[in-house]
Amino acid sequence: MDPGDVIDLTGDSSISSNSDSGNARASGDRRTRRKSAGGLQALGALFRRPSHSTLRVAQLAHARGIGRSSVVLCNGDTRLFCSTPADRRWACGYRNCQMLISALMVHQTRTTDVGSASRFPRGNVPGVDELQQMLELAWRDGYDPEGAVQLRHRVVGTRKWIGATEVYCIMAHLGVATRIVDFPRPSAPDGTHPLLFAWVLDYYTAAAPAPPGDSDTGVCLTARLPLYLQHQGHSRTIVGVEIADAGTFLLVLDPNARPSRDANGRVSLSAFRLPLSGTRHATQYQILYFDESHPAAVSISKQVTSVRVS
């Protein structure tokens with residue numbers, strides 16, 4: 001299979017994907033979907049394999065465009081896994097799952113609150129094909145029986161989209177507790193989701209050791225794990241927030257977008273910004289986050305539930 005493009009946010013370029021990649025299902029949309037790439041597209045993908053590139057979170061702290069902003073970022077071990085031309089239409093759910101695991105692998109060496117370290121050998125992020133196998137194993141073990149039925153108990157070797165509930169199953173099967181928060185409708189008259197922004201802002205700023213504006217650079221790196229953001233037809237990974245004069249922005253890694261660098265190797269923070277107005281794109285959103293307070297001795301529920309915020 002084509003390797004995915006891995007942008008390493010820690011400077012460690014040893015981690016790579018051995019899989020397909022891509023897109024996610026809508027919040028609450030459990031229909032089976034398949035996308036078949038034509039022979040010419042598949043052949044062309046062999047000649048357009050993306051090269052690996054590296055980018056450190058420390059570089060984001062010095063990205064162009066920060067100015068007087070206050071920026072709070074998740075832990076610096078999160079890696080961006082990009083789609084390949086062959087799978088960008090269907091596998092972003094898997095790519096975002098890889099991003100979560102890349103952060104968890106290092107986080108687990110510091111705490112055992114969210115899962116077993118033995119499940120994620122350092123430097124070995126599962127490929128998309130491996131994640132598909134894990135999902136089927138989770139279903140066989142009884143996780144999310146309703147979702148298993150709707151996807152016909154099979155994803156291995158297919159291009160079926162997955163979403164937050166399937167990522168929950170993969171993580172739970174691995175002994176990692178996560179939770180899902182639903183934002184079922186816009187929370188402002190203009191169709192935007194300020195309650196979602198407030199939730200994410202609280203998640204990150206609560207972890208900041210001091211107000212981010214108190215630092216010399218206005219950037220605060222935290223130990224927070226990233227968030228999985230799902231909406232109709234696509235998913236992304238939220239890695240931080242930016243509080244600027246122009247407003248508040250979520251900072252997201254999109255598996256279907258590759259940040260470019262200038263001649264000095266710097267990226268622009270604008271490539272990662274999601275403004276509040278950008279949430280008009282979808283009516284419903286879901287966020288999956290790691291439940292770091294879940295007791296290791298308590299089993300993880302096989303029924304997928306969520307908390308609704310509206």
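Reply: Of the 310 residues of the protein, 53% count as buried. Buried means under 20% relative accessible area, exposed means over 50%, and partly exposed lies in between (1.4 Å probe, protein chains only). The model is predicted: local features need pLDDT of at least 70, side-chain atom pairs count only at pLDDT 80 or more, and totals for chains, interfaces and linings use all residues. Residues are numbered from 1 along each chain as its sequence is written, and side-chain values use heavy atoms, with hydrogens and water left out.

Confidence comes next. The average pLDDT (the predictor's confidence in each residue, from 0 to 100) is 78 for the protein, and 70% of the residues score at least 70. Over residues 7-54 the pLDDT is below 50. Even so, that stretch has 185 contacts in the model beyond near neighbours in sequence. A contact here means heavy atoms within 4.5 Å.

Now the overall fold. There are seven helices and twelve strands. These are DSSP runs numbered from the N terminus: helices are H or I with at least four residues, strands are E with at least two. Take the contacts between residues at least 6 apart in sequence: 78% of them join residues at least 24 apart. The protein exposes about 13,200 Å², and carbon and sulfur atoms supply 49% of that area. The area comes from the Shrake-Rupley method with a 1.4 Å probe; for residues, only the protein chains shown count as cover.

On to the aromatic pairs. A search of the whole structure finds four of them. Rings of Phe, Tyr and Trp (its six-membered ring) pair if their centres lie within 6.5 Å; planes under 30 degrees apart count as stacked, over 60 as edge-to-face and the rest as tilted. W199 counts as partly exposed because its relative accessibility is 21%.

Y203 and Y204 make another pair. Their ring centres are 5.0 Å apart with planes at 90 degrees, so this one is edge-to-face. Y203 counts as buried because its relative accessibility is 6%. Y204 is at 0%, so it is buried too. W199, Y203, Y204 and Y289 form one aromatic cluster.

The core comes into view through Y204. The largest nonpolar core has 71 residues, and Y204 is among those with the most contacts inside it, along with L196, V200, I238 and L250. Such a core is a set of buried Ala, Val, Leu, Ile, Met, Phe, Trp, Tyr and Cys residues joined through side-chain atoms within 4.5 Å. The largest share of this core, eight residues, comes from helix α3 (residues 92-107). In soluble globular proteins, nonpolar side chains tend to be buried together.

L196 shows what surrounds one of these residues. Setting aside neighbours within four places in sequence, L196 is in contact with F183, L229, L250, Y285 and I287.

T248 lies in strand β9 (residues 247-253). T248 is partly exposed because its relative accessibility is 28%. Not counting residues up to four places away in sequence, T248 touches F197, L201, E242, I243 and L276. S70 is 178 residues from T248 in sequence, with 9.5 Å between their C-alpha atoms.

Elsewhere, helix α6 (residues 164-173) is mostly covered: ten of its ten residues are buried. Among them are Y168, C169 and M171. Just after α6, G175 takes a positive phi of about 85 degrees. H153 is partly exposed because its relative accessibility is 47%. H153 touches E136, W139 and A148, leaving out residues up to four places away in sequence.

Last, the cysteines. The structure holds zero disulfides; a disulfide would be a pair of cysteine sulfur atoms within 2.5 Å. C97 is buried because its relative accessibility is 0%. C220 is at 9%, so it is buried as well.
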